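Dear colleague,

I am passing on to you the structure that I have been reading, and below it you will find what I noted. Please keep the model open while you go through the notes.

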Amino acid sequence: MLCYKKAYHRLSLLVHPDRVEQDQKKIATEKFQVLGKIHSILQDKNKRKLYDDFDEFDEEVDSSFNWMDYWRSMFKKIEMKDIENYEKEYIGSETELRDIKKSLSQY
């Protein structure tokens, strides 16, 4: 289970619409949505069994699926402490400098 979670995370970073150039956003959005559907099937035992048994999964039949609940289950709740810790690590870091340079190079 952990292996495909890591693979999903790595792949989602590659196709996330916020991480690609403007001209690639439409394709990245489609890929990201497909990846989310695949991951939702893999992480749900019942959906996974249906897919394994029939080599397909019909989203239309599964009307009980709630995307908001799915995304909330994927990521931990962010608290103020998390933001403050990130801020301490980010400000003045090489990552911040790289982000600033990237942002400025777009103009």
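The protein holds 6 helices and 0 strands, where helices (H or I, at least four residues) and strands (E, at least two) are DSSP runs that are numbered from the N terminus. Read from that end, the elements follow the order α-α-α-α-α-α. Please bear in mind that this is a predicted model, in which local features need pLDDT of at least 70 and side-chain atom pairs count only at pLDDT 80 or more, while totals for chains, interfaces and linings use all residues. Residues are numbered from 1 along each chain as its sequence is written, and side-chain values use heavy atoms, with hydrogens and water left out.

Of the 107 residues of the protein, 19% count as buried, a word that stands for under 20% relative accessible area, with exposed meaning over 50% and partly exposed what lies in between (1.4 Å probe, protein chains only).

Helix H2 has 19 residues and reaches 26 Å from its first C-alpha to its last, which is close to the 27 Å expected at 1.5 Å a residue (the expected span is 1.5 Å times one less than the number of residues). Its buried residues are Ala28, Phe32, Leu35, Gly36, His39, Ser40 and Ile41. Ser40 counts as buried because its relative accessibility is 2%, and a polar atom of the Ser40 side chain lies 2.8 Å from the backbone oxygen of Lys37.

If residues up to four places away in sequence are not counted, Leu35 touches Tyr8, Leu11, Ser12 and Val15, contact meaning heavy atoms within 4.5 Å.

Finally, the structure holds 1 aromatic pair, a term for rings of Phe, Tyr and Trp (its six-membered ring) whose centres lie within 6.5 Å, with planes under 30 degrees apart counted as stacked, over 60 as edge-to-face and the rest as tilted. Tyr86 and Tyr90 form this pair, which is stacked, at 5.4 Å centre to centre and with 15 degrees between the planes. Because Tyr86 and Tyr90 are 4 residues apart in helix H5 (residues 80–90), about one helical turn separates them.

Technical notes: Polar contact = N/O pair within 3.5 Å; in protein donor to acceptor, adjacent residues only side chain to side chain.
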